[in-house]
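Visitor: Hi, could you walk me through this one while I have it open?
Guide: Happy to, let's take a look together.

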Amino acid sequence: MALPITDRDRKQVRELHAEGKSRNEIARTIERSAATVSKIARTEGLTFSGGARVAAATEARSADAAARRELLADEALDGALGQVAKTAGAESARDARDHATAARALTEVHARVAELARQTGTGSSAGSMLDRLADVLIGPTGGDSGEG
């Protein structure tokens, strides 16, 4: 029975592919079959034609995705701060609650995107203080703890 594909396998395939390694080189390096490497590559949107050109394109796509994630995290945090400011000037308790709910949802988006950046090693350290604050306020996963 074949071993299940792990997140570590996926990460190694992405990294080695970005270095321009062939399917067979990757298979030997991670000690998996070429078919398994092909399967991982397919699910990750990677191809093995074009060698170094593909590696450069993959690296550029990864960098672009990391930059967009960082922008999304920043915009979510800015939006949350805006909602908090609106809470103070709300005309009714319902409006205040709605703004607070929106602020929490945006803070959770920020925390989840920041956590993804930490896990993939693509985030900047500039947001780390704010990330830790969000972790304290809403928990590291951004979800409810079941209390309340």
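**Confidence and contacts**

Guide: The chain has a mean pLDDT of 81, with 76% of its residues at 70 or more; pLDDT is the predictor's confidence in each residue, from 0 to 100. This is a predicted model, so local features need pLDDT of at least 70 and side-chain atom pairs count only at pLDDT 80 or more, while totals for chains, interfaces and linings use all residues. Residues are numbered from 1 along each chain as its sequence is written, and side-chain values use heavy atoms, with hydrogens and water left out.

Visitor: Where is confidence lowest, and where is it highest?
Guide: Confidence is lowest in helix α6 (residues 128–138), at a mean of 58, and highest in helix α2 (residues 23–30), at 93. Helices here are DSSP runs (H or I, at least four residues), numbered from the N terminus.

Visitor: OK, helix packing next. How do α2 and α3 pack?
Guide: Helix α2 and helix α3 (residues 34–44) pack at an angle of about 110 degrees, and their axes are 8 Å apart. The axes are lines fitted to C-alpha atoms over the stretch in contact, with angles running from 0 to 180 degrees between N-to-C directions. That makes α2 and α3 roughly perpendicular to each other, a label for angles of 65 to 115 degrees.

Visitor: Which residues make the contact?
Guide: From α2 they are Arg23, Asn24, Ile26, Ala27 and Ile30, and from α3 Ala34, Val37 and Ser38. Contact means heavy atoms within 4.5 Å.

Visitor: Switching topic: how many salt bridges are there?
Guide: A search of the whole structure turns up seven, each being a side-chain nitrogen of Lys or Arg within 4 Å of a carboxyl oxygen of Asp or Glu. One of them joins glutamate 44 and arginine 14, at 3.1 Å from N to O.

Visitor: What does that pair tie together?
Guide: Glutamate 44 is in helix α3 and arginine 14 in helix α1 (residues 7–18), so the pair ties together parts 30 residues apart in sequence.

Visitor: And what about arginine 104 and glutamate 108?
Guide: Arginine 104 and glutamate 108 form a salt bridge too, with the closest N and O atoms 2.9 Å apart. They are four residues apart in helix α5 (residues 93–120), so about one helical turn separates them.

Visitor: Is glutamate 108 buried or exposed?
Guide: Glutamate 108 is buried, at a relative accessible area of 14%, whereas arginine 104 is partly exposed at 34%. Buried means under 20% relative accessible area, exposed over 50%, and partly exposed in between (1.4 Å probe, protein chains only).

Definitions and conventions:
Helices (H or I, at least four residues) and strands (E, at least two) are DSSP runs, numbered from the N terminus. Angles under 35 degrees count as roughly parallel, over 145 as roughly antiparallel, 65 to 115 as roughly perpendicular and the rest as oblique.
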